[in-house]
Amino acid sequence: MSFYFVQFVTGLASASSLFLVASGLSIIFGVTRVVNFAHGAFYMLGAYIGYTLIDRLGAGVGFWPAIGLSAFAVAAIGTLIEMLLLRRIYDAPELFQLLATFAVALVVEDLALLIWGPSDLLGPRAPGFKGAIDLLGQPFPTYDLLLIALAPLVLALIWLIFRRTTWGVLVRAATQDREMVAALGVNQKWLFTSVFALGVFLAGLGGALELPRQAANHTMDLQVITEALVVVVIGGLGSVPGTFLAAIIVSELNAFGILVFPKISIVLVFLVMAIVLIVRPWGLLGRAEAAARTASGAIISRWRPFGAPGRIAAALAVAFAALLPIAAGNYFVGVATEVLIFMLYAASLHFLLAGGGLASFGHAAYFGLGSYGAAIALKSFGLGMETAIVAGIVLGLVGALVFGWFCVRLSGVYFAMLTLAFAQIAWSIAYQWTDVTGGDNGIIGVWPSAWAASPARFYWLTLALSAGSIALLRAITFSPFGYALRALRDSTLRAETIGIERRRVQWMGFVIAGGFAALAGALYAFLKGSVFPDNISISLSIDGLVMVLLGGVGTVSGGVVGAAIYRSLSIWVISHTDYSRLVLGALIIVLVVMFPKGLVGAFEAWRSARTGARLQGQSP
Amino acid sequence: MSILVVEELGKTYSGFQAVRNVSFALEAGEMLALIGPNGAGKSTCFNMIDGQLAPTTGRIAIFGKSTAGMTPGDIWRLGVGRTFQVAATFASMTVAENVQMALISHHAARWLTLRWAARRHVAEAEHLLDLVGMADQGQRSCGELAYGDLKRLELAIALANDPKLLLMDEPAAGMAPRERHAVMDLTARIARQRGIGVLFTEHDMDVVFGHADRVLVLNRGTLIAEGAPHAVRANAEVQAVYLGAGSLYRTHT
């Protein structure tokens with residue numbers, strides 16, 4: 001009994017730092033509507049800077065000032081990033097800011113590696129809280145007791161700031177209705193900056209406070225951002241008390257899940273998040289989001305299929321690509337195969353995100369289901385490659401049918417979070433159902449049939465399937481069904497009023513996108529000869545978003561072009577430098593600032609400006 | 001048989017009665033205006049009739065069918081066209097494609113995946129655009145239209161359903177005075193030709209009294225007057241409501 005009690009109290013201590021991080025994330029989202037993906041990186045920075053400062057100031061008297069200073073230092077860095085980067089792109093299409101903060105996270109990860117080296121850094125114990133007390137016969141660290149007391153204190157402080165200060169009132173008002181606050185003449189720029197600074201401060205503080213419990217390391221950012229997202233969503237976006245409640249729930253689930261359901265401990269948290277989203281879409285203490293007044297602020301450009309020049313260019317590109325194995329060696333052909341697979345993966349996400357306005361944060365689920373479906377069919381059922389690929393697609397379709405049915409009940413950021421939850425559930429199953437999936441060891445020996453075994457032949461197979469699938473996706477985009485999907489994106493109100501069934505159409509779109517992602521995943525399994533839980537990872541889902549957003553979410557071809565460029569670049573960068581994340585992140589930041597409509601969007605704008613100028617020159 | 005029958009309709013939002021005991025009927029070919037000061041419950045009434053809001057009390061029947069539990073899409077499929085106070089169109093499509101989208105839905109072709117949408121119902125879309133006076137604007141982007149043209153496009157989208165009932169929420173709002181009358185004349189002509197019943201709200205009293213066959217006046221959620229335009233205009237209670245509410249609309253006789 002006492003053991004369970006101690007476990008419970010330990011859970012509360014973990015909840016404290018999770019609450020600090022998540023409340024910052026929640027406040028930032030509430031006001032700026034930015035899903036700050038760099039939040040975990042700021043948390044990590046807090047820990048590393050805290051370590052250095054304690055080292056400099058001395059572990060005795062210097063400990064507490066160092067913790068405070070590191071939180072301020074992180075807040076200063078965050079403020080700088082907000083002013084230099086985010087301010088430039090608040091007007092860009094939704095989610096574009098996610099791309100920027102993702103890039104910041106990449107840069108910070110490698111910078112931390114450069115500055116602090118690869119090994120874990122264990123901080124000193126906190127002065128005055130080094131020992132343990134006796135808790136029902138079990139030793140319990142006093143520092144954890146301090147943390148437990150800290151969280152309600154911070155909650156109360158935030159509550160006071162929000163209730164008692166003008167600034168707090170503005171923050172709450174902006175959380176409820178951003179446009180109205182802007183219309184009232186509030187200086188939104190500084191409101192956003194200060195909110196971002198506060199949020200990042202909390203993340204830095206949370207990171208620094210973890211030092212006595214956990215060594216600063218290079219994976220803590222991804223770990224915490226995932227958990228913080230879950231907490232924010234369960235608690236209700238923008239609600240700090242909700243975040244507090246959810247932090248406790250999640251931490252206790254983690255503490256007890258491992259005891260009660262060791263087989264599904266990882267999946268438990270995401271299962272709870274999925275259930276909460278399905279039952280209460282806006283979280284435990286959140287409020288239903290007010291409908292946005294404008295259509296995402298961006299001017300939507302007209303979509304049209306390829307004319308004759310476009311088709312010829314596409315055909316030439318495919319023909320040219322088909323000639324590649326004649327000129328290039330096996331390594332290069334392998335790289336090209338991978339790029340093609342990711343073009344298909346991005347095109348499938350693009351179909352959903354750009355063509356349907358449905359931002360899936362968990363598209364890797366269907367890629368991964370395709371991989372596992374194919375690998376399991378091949379290895380466990382002894383089917384051939386051809387049937388195995390079909391099995392992969394079928395598994396992806398089934399997954400999309402089941403998950404999609406729930407997801408299309410929500411919209412906007414809640415839709416995104418539910419897709420993320422399902423992807424994490426799929427990932428946890430792949431990771432923990434060792435008997436079938438091999439768990440962490442994955443499934444190896446997934447090789448193509450003899451006729452497609454050589455790199456060149458597998459490349460041609462991939463080219464045929466990818467090009468054909470992308471063409472098919474484009475055709476669907478411009479079919480009556482594709483129009484109905486896009487009509488719902490353009491104006492849900494109008495589309496529903498002319499008899500388009502939102503849920504059914506979006507569900508179908510979800511399934512189509514999932515099926516093509518599964519094909520990409522199955523091909524990837526055979527290219528690599530193996531399947532690992534990484535095929536369903538969050539980073540793969542985010543990669544998909546990066547490719548689509550980089551290409552341009554307002555365009556028809558953005559996903560395909562973005563994937564070709566991003567994947568080639570990342571493979572090239574990874575093979576040329578040890579600091580690939582730094583280079584890639586910096587590149588994405590530059591592209592984001594230069595081309596807020598994405599690369600294809602920028603190209604289209606340039607072309608229409610040119611033809612516009614020519615037409616003007618002709619008119620008398 | 002009346003094409004739209006509303007009986008004892010009521011809507012309560014957490015204790016506040018937005019609409020109370022509203023009853024009326026609409027005949028084929030009739031232009032019926034629903035007017036009242038801001039907050040009188042016009043939009044609430046509209047949103048209940050087109051299926052966006054569920055009534056708290058009362059019944060709505062369209063073409064003799066109860067619409068209880070129907071979605072806006074179900075009501076569209078009964079043969080109802082709807083335009084919005086703030087025009088709602090598909091910004092990534094051309095003007096013609098907007099109408100084609102509505103026609104695709106009307107002809108139940110929205111699940112087709114391997115056909116070109118842009119090649120469907122081209123002639124029909126052209127005809128509808130011609131009808132609302134936008135024949136030469138079919139290939140323009142929706143985003144570059146003037147507001148008045150957007151309202152005409154909305155009318156074309158609504159007509160794509162070959163409706164027998166048109167619900168128009170402030171069809172002439174945001175238009176120049178001359179244009180307002182042109183659009184209302186057009187609507188009235190089409191309605192009479194095709195036997196369409198039109199229920200519309202409008203703030204501009206010139207438009208209301210110039211084009212409605214019959215007028216319903218709503219105040220604080222209840223109907224206070226109903227009748228021919230000249231009778232409603234002379235009604236003392238109606239005048240009190242409009243003048244008392246500090247409205248700018250004077251009704252000269």
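Analyst: Gladly, and let's begin with one residue. Asn21(B) has 14 other C-beta atoms within 10 Å, so this residue is called partly exposed. Keep in mind that this is a predicted model.

User: What makes 14 a count for partly exposed?

Analyst: The cut-offs decide it: 20 or more neighbours means buried, and 12 or fewer means exposed. A count of 14 lies in between, so Asn21(B) is partly exposed. Asn21(B) sits in strand β2 of chain B, and its phi is near 50 degrees, a positive value in a residue other than glycine.

User: How do you know whether the span of helix α11 of chain A agrees with its number of residues?

Analyst: Helix α11 (residues 265-279) of chain A has 15 residues, which at 1.5 Å a residue should span 21 Å. The expected span uses one less than the number of residues. The end C-alpha atoms are 22 Å apart, so the two values agree. Several residues of α11(A) are buried, including Val267(A), Phe270(A), Met273(A) and Leu277(A). Among the elements that cover the buried residues of α11(A) are α9 (220-235), α10 (240-260) and α16 (412-432) of chain A.

User: What makes strand β8 of chain B mostly covered?

Analyst: Strand β8 (residues 197-201) of chain B has 5 of its 5 residues buried. Gly197(B), Leu199(B) and Thr201(B) point one way, Val198(B) and Phe200(B) point the other way, and all are buried.

User: Which strands pair with β8(B), and in what sense?

Analyst: Strand β3 (residues 31-35) of chain B pairs with β8(B) in the parallel sense over 4 bridges. Strand β7 (residues 165-169) of chain B also pairs with β8(B) in the parallel sense, over 5 bridges. Two bridges are enough for strands to count as paired, so both pairings qualify. Ala33(B) is opposite Phe200(B) in β8(B), and Leu167(B) has Leu199(B) as its bridge partner. From β7(B), the chain passes through helix α6 (residues 177-194) of chain B to β8(B), a right-handed β-α-β crossover.

User: What makes β2 and β5 of chain B edge strands?

Analyst: They belong to an open sheet of 4 strands in the order β2-β1-β4-β5 (chain B), with antiparallel pairing. The strands β2 (16-26) and β5 (65-66) of chain B each pair on one side only, and they are the edge strands. For β2(B), the partner is strand β1 (residues 4-13) of chain B, joined in the antiparallel sense over 7 bridges. Within that pairing, Lys11(B) is bridged to Val19(B) in β2(B).

User: How many residues does each chain bring to the contact?

Analyst: Chain B brings 31 residues and chain A brings 27 residues. On the chain B side, α2 (72-79) and α3 (95-106) each supply at least two residues. The residues of chain B that touch chain A divide into 17 nonpolar, 8 polar and 6 charged.

Technical notes. Residues numbered from 1 in each chain as written. Chains lettered and ligands numbered in written order. Predicted model: local features only at pLDDT ≥ 70, side-chain atom pairs only at ≥ 80, totals over all residues. Right-handed = clockwise from strand over helix to strand, strands pointing away. Contact = placed C-beta atoms within 7 Å. Nonpolar A, V, L, I, M, F, W, Y, C, P; charged D, E, K, R; others polar.
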